[in-house]
Amino acid sequence: GVYNGAWQKTTYGNNGYRTFLKIGGTQFEFNNSGYPITGTLDGVKVDVTFDYKNGGRTLQVIYTVTNTTGADKTFSLASAADIQIGNMDNAPITAIRSSSVTEGFMMKNTQTGAQFNFFGKNRQYVTNVDNIWFGAYGSYSSHVFDNTTGTSYNAGDSAAAWSWQDETIKANETRVYSVLIGIGGAGSENAASSVSFSPLDD
């Protein structure tokens with residue numbers, strides 16, 4: 001994204017976001033090149049696309065999940081990345097919270113003021129995630145389906161993940177899930193409008 005006229009990276013080396021699909025005991029990582037980003041496991045196909053929302057202040061990450069088989073499936077879906085904001089790889093992370101619930105997080109570059117925001121719950125254009133995790137980069141590959149227990153991280157190089165857990169999709173059904181990410185300055189954590197529910201919540 002752009003802040004003060006300058007492009008701001010949100011992942012280390014512009015390596016992008018990794019996406020994972022898990023069914024039973026099998027976990028599959030997508031190839032994150034190309035568009036749309038696509039992966040299939042056990043007949044469940046996921047396409048990842050994008051759309052600008054909130055006047056261009058946020059990017060909607062859209063996961064279209066299709067069960068191509070004749071049987072119901074239970075799956076978990078996650079995205080994760082080695083995150084940074086601009087050139088600051090160790091920028092502090094603070095949870096975006098409401099009523100003691102972590103709904104997302106913000107990562108602020110203390111040198112430039114640029115801020116990366118993730119919105120995963122209780123926002124327009126968002127399908128509430130089950131888990132949000134952020135913490136040390138070195139161990140993040142083992143935390144892509146986990147939930148963070150803290151409300152901040154300021155101990156060095158960091159990573160983040162979000163996931164939907166144990167979702168059931170009927171035979172030949174298509175379901176759509178989404179989150180929002182965005183770049184801005186102070187106060188940009190308010191770029192996404194709050195709502196009290198998500199249409200796919202159980």
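**Entry 1: Asn54**

I began at Asn54, which I found in the loop between strand S6 (44-53) and strand S7 (58-67). I was working with a predicted model, and I kept that in mind throughout. Setting aside neighbours within four places in sequence, I listed Tyr125, Leu180, Ala191, Ala192 and Ser193 as the residues in contact with Asn54.

**Entry 2: the fold as a whole**

I next counted secondary structure and found 15 strands and zero helices in the protein. The C-alpha atoms fill a box of roughly 55 × 35 × 35 Å along the principal axes. I compared the radius of gyration, 16 Å, with the value near 17 Å that a compact globule of 202 residues would have, and I noted that the two agree. Buried residues make up 50% of the 202 residues. Of the contacts with a separation of 6 or more, 59% are accounted for by residues 24 or more positions apart.

**Entry 3: the sheet of eight strands**

I traced an open sheet of eight strands in the order S5-S6-S7-S15-S11-S10-S9-S13, with antiparallel pairing. Its edge strands are strand S5 (37-41) and S13, each of which pairs on one side only.

Within this sheet I looked up some of the pairings one by one. S7 and strand S15 (residues 174-184) run antiparallel and are joined by eight bridges, and I found Ile62 opposite Ser178 in S15. Strand S9 (residues 93-98) pairs with strand S10 (residues 101-108) in the antiparallel sense over six bridges, with Val101 in S10 as the bridge partner of Ser98. S9 also pairs with strand S13 (residues 152-153), again in the antiparallel sense, over two bridges; here the bridge partner of Ile93 is Tyr153 in S13.

**Entry 4: the sheet of five strands**

The other sheet I looked up is an open one of five strands, ordered S4-S3-S8-S14-S12, with antiparallel pairing. Strand S4 (26-29) and strand S12 (131-136) stand at its edges, and because each has a single partner strand, one side of each is left without a neighbour in the sheet. The twist averages 20° from one strand to the next.

**Entry 5: Thr19**

I stayed with S3 to examine Thr19, whose place is in that strand. With a relative accessible area of 4%, Thr19 is buried. Its side chain makes a polar contact, at 3.2 Å, with the side chain of Ser79. Not counting residues up to four places away in sequence, I found that Thr19 touches Phe28, Glu29, Phe30, Val48, Tyr63, Leu77, Ala78 and Ser79.

**Entry 6: nonpolar cores**

Which residues have the most contacts inside the largest nonpolar core? I noted Tyr63, Ile83, Phe105 and Phe116, in a core of 39 residues. I followed up Phe105 and, leaving aside neighbours within four places in sequence, recorded contacts with Ile83, Ile93, Thr94, Ala95, Ile96, Phe116, Asn117, Phe118, Ile132, Phe134 and Ala160. A second, separate core has nine residues, including Ala78, Tyr140, Phe145 and Ala161.

**Entry 7: backbone geometry**

Most residues other than glycine have a negative phi, and most peptide bonds are trans, so I looked for departures from both patterns. The peptide bond from Tyr35 to Pro36 is cis, with omega near -5°, and Pro36 is found in the loop between S4 and S5. Asp42, although not a glycine, has a positive phi of about 50°; its place is in the loop between S5 and S6, and at a relative accessible area of 44% it is partly exposed. Ser99 is likewise not a glycine and has a positive phi of about 50°. I placed Ser99 in the hairpin of S9 and S10, which has two residues between the strands. At 70% relative accessibility, Ser99 counts as exposed.

Notes
Residues are numbered from 1 along each chain as its sequence is written. This is a predicted model: local features need pLDDT of at least 70, side-chain atom pairs count only at pLDDT 80 or more; totals for chains, interfaces and linings use all residues. Side-chain values use heavy atoms; hydrogens and water are left out. Two strands pair if DSSP finds at least two bridges between them. Helices (H or I, at least four residues) and strands (E, at least two) are DSSP runs, numbered from the N terminus. Axes are lines fitted to C-alpha atoms, for helices over the stretch in contact, and angles run from 0 to 180 degrees between N-to-C directions. Contact means heavy atoms within 4.5 Å. A nonpolar core is a set of buried Ala, Val, Leu, Ile, Met, Phe, Trp, Tyr and Cys residues joined through side-chain atoms within 4.5 Å. Buried means under 20% relative accessible area, exposed over 50%, partly exposed in between (1.4 Å probe, protein chains only). The radius of gyration is taken over C-alpha atoms; the globule rule is 2.2 Å times the number of residues to the power 0.38. A polar contact is a pair of N or O atoms within 3.5 Å; within protein, one must be able to donate a hydrogen and the other to accept it, and residues adjacent in sequence count only if both atoms are side-chain atoms.
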